Amino acid sequence: MHTDKLSTQIDATVPTAARMYDHYLGGKDNYAADRAACEELDKVVPSTRRLAVNNRRFLQRVVRTLAEEYGIRQFLDHGSGLPTQDNVHQVAQQIGPGTHVVYVDNDPMVLVHGRALLEQDERTAVIQADMRDTDVIFMHPETERLIDFSQPVCVLFNSVFHCIPDSDTDGPLAVVRQVRERLVPGSVLVMCQLVSEDPEVREFVTNFMDQATQGHWGRVREQKDVAELFGGLEILEPGLVEVSTWRPDSEVAPRQLTHEWIEFGGVGRIPVG
């Protein structure tokens, strides 16, 4: 269990993935340490800002698709990051006004900003938890208030698994297994993470981010590692892909143009019947 390791204090001197992501998206909820880490990362993987923007657009398309085409009205978003525009609840509630959303993050800054943003919305909550603590998340009072697990749920692991190391008990595969055991058929898992087929890029970024975040990092993986997470699921079209190509809004929608690393994944549905 990782809850006792969670800090309620914001340390501006140590970069976090959430604040670096916020900086790449043009947000203001980040510090000099986060921006400096992004600058160093860009020297080796200069496509990272485009990758972050494309990942955010993928999230919005996925939520819209699941709400419109599959009637999903419950979303549990792991590692949600800092609030930006067109969050999960905003996209989903445009289609289904009664949609319930629970955001989960271990960054105390996310908790502070998220609660301030959502305090007027009874259909949405933000909880502080480690994404590996499935029992804590699923049994949290806010989760129990908003999510009915006897009905289909969309569980999001959007660009987060690279933040946790491999482990038989709480690595990505174990977390997915623990979550799936609690979901009914028709539920959906959205999963993607940073991958590279270049071993030098994988090694550099993994080492750099592990050092920059003081150990709060897992590793950049390969496409086959992500595919393993989807075993036994019905993978929705167009399959497992670089995320800017997942059901783009138009043929002229932005694509990931450089590929030293990419965001790779897709959407899997627990089979019905």
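Pro97 is exposed, with a relative accessible area of 53%. Pro97 sits in the loop between α4 and β2 (100-105). In this predicted model, Pro97 and Asp107 are ten residues apart in sequence, yet their C-alpha atoms are 28 Å apart in space. The protein chain has 273 residues, and 56% of them are buried. Its secondary structure comes to ten helices and eight strands.

**Overall build**

- The radius of gyration of the protein chain is 17 Å, close to the 19 Å from the globule rule for 273 residues, so the chain is as compact as a globular protein of that length.
- Along the principal axes, the C-alpha trace spans about 45 × 40 × 40 Å.
- Consider contacts in the protein chain with a separation of 6 or more: residues 24 or more positions apart account for 71% of them.
- The accessible surface of the protein chain is about 12100 Å². Carbon and sulfur atoms hold 50% of that surface.
- The protein chain carries 26 positive and 42 negative charges.

**Cysteines**

- The structure holds zero disulfides.
- Cys163 is in no disulfide. Its nearest cysteine sulfur belongs to Cys192 and is 11 Å away.
- A disulfide needs the two sulfur atoms within 2.5 Å.
- Cys163 counts as buried, at 18% relative accessibility. The cut-off for buried is under 20%.
- Cys192 also counts as buried, at 1% relative accessibility.

**Helix α8 and its packing**

- Helix α8 covers residues 172-180. Its buried residues are Pro172, Ala174, Val175, Val176, Gln178 and Val179.
- Which elements do the buried residues of α8 pack against? They pack against helix α6 (134-139) and the strands β4 (154-158) and β5 (188-195).
- An α-helix has 3.6 residues a turn, so residues three or four places apart point the same way.

**Helix α3**

- Helix α3 runs over residues 48-69 and includes Glu68.
- Leu51 is buried, with a relative accessible area of 5%. Glu68 is exposed, with a relative accessible area of 52%.
- Leu51 and Phe208 are 157 residues apart along the chain. Their C-alpha atoms are separated by 18 Å.
- Glu68 and Gly231 are 163 residues apart in sequence. From C-alpha to C-alpha, they are 25 Å apart in space.

**Helix α4 and His89**

- His89 is located in helix α4, which covers residues 88-95.
- Is His89 buried or exposed? At 6% relative accessibility, His89 counts as buried.
- Leaving aside neighbours within four places in sequence, His89 is in contact with Val101, Tyr103, Leu118, Asp121 and Thr124.

**Backbone points to check in the viewer**

- Most residues other than glycine have a negative phi, and most peptide bonds are trans.
- Ser159 has a positive phi, near 60 degrees, and is not a glycine. Ser159 lies in the loop between β4 and α8. Ser159 is buried, with a relative accessible area of 17%.
- Arg247 is not a glycine either, and its phi is positive at about 40 degrees. Arg247 is in the loop between β7 and β8 (262-269). Arg247 is partly exposed, with a relative accessible area of 26%.
- A cis peptide bond joins Glu237 and Pro238. Omega is about 10 degrees there. Pro238 is found in the loop between β6 (234-235) and β7 (241-242).

Note on methods: Residues numbered from 1 in each chain as written. Predicted model: local features only at pLDDT ≥ 70, side-chain atom pairs only at ≥ 80, totals over all residues. Heavy atoms only, no water. Helix = DSSP H or I, 4+ residues; strand = E, 2+ residues; numbered from the N terminus. Rg over C-alpha atoms; globule rule 2.2 N^0.38 Å. Buried < 20%, exposed > 50% of the residue type's maximum accessible area, 1.4 Å probe, protein only. Contact = heavy atoms within 4.5 Å. Areas by Shrake-Rupley, 256 points an atom, 1.4 Å probe, with all protein chains shown as cover. Lys, Arg positive; Asp, Glu negative; His and termini not counted. Charge placed at Lys NZ, Arg CZ, Asp CG, Glu CD.
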